[in-house]
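Please look over the model shown here before reading the numbered points that follow.

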Amino acid sequence: MEESLREELMTLAADTEWVEQTRCRNFVRDLPPFTIDEPEELGGSNQGANPLETILAALNSCTAIVVQLVAQEMGLTLRGLDIHAEGDLDPRGFLGQAEVKPYFLAVRQRVNVEIDCTEDQLAQLREAVARRCPAFNLIRDAGVPVEVEWQRS
């Protein structure tokens, strides 16, 4: 790897400790640990979000962070933001019962934004967020169709 690029890189890390069955304790930086688990119907104890729910929450959080950052760069006043995401999954892939993808077949996200801006500025904001959101691009570039609907409140 080129030395100048290496200096620009940032390495993120997480540590995971298996607790029992499908329950894991996760550690990031010096933050309190958090649990990832499966619901009871998938053999878990329902003590935390499952890994794919965590991915949806990460997508929403990443989107919110990028919306706030880009809105600030554009000089726009962001007054409110809430985001909903859902993903379609065929659990047979995870359970090894079929030759289907074990991950999302499609993801839908609804971004509800309260912001003072023109329609052109909102379009610029949407485009910049789609281009710059790491989680969105990771999911989309994995070949998962992602449909994003923006609404103003």
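1. At 25% relative accessibility, arginine 108 counts as partly exposed, and aspartate 88 falls into that class too, with 32%; the class lies between buried, under 20% relative accessible area, and exposed, over 50%, with a 1.4 Å probe and protein chains only. These two residues form a salt bridge whose closest N and O atoms are 2.7 Å apart, the term meaning a side-chain nitrogen of Lys or Arg within 4 Å of a carboxyl oxygen of Asp or Glu. Because aspartate 88 lies in strand 4 and arginine 108 in strand 5, the pair ties together parts 20 residues apart in sequence.

2. This is a predicted model, in which local features need pLDDT of at least 70 and side-chain atom pairs count only at pLDDT 80 or more, while totals for chains, interfaces and linings use all residues. Residues are numbered from 1 along each chain as its sequence is written, and side-chain values use heavy atoms, leaving out hydrogens and water.

3. The count of salt bridges comes to 10. One of them joins aspartate 116 and arginine 79 at 3.2 Å, N to O, and links strand 5 with strand 4 (residues 77–88) across 37 residues. Arg79, Glu114 and Asp116 are linked in a network of such bridges.

4. Aspartate 90 also forms a salt bridge, with arginine 92, the closest N and O atoms being 2.6 Å apart; here aspartate 90 is buried at 14% relative accessibility, whereas arginine 92 is partly exposed at 39%.

5. Helices (H or I, at least four residues) and strands (E, at least two) are DSSP runs, numbered from the N terminus. In helix 5 (residues 134–141), the buried residues are Ala135, Phe136, Asn137 and Ile139.
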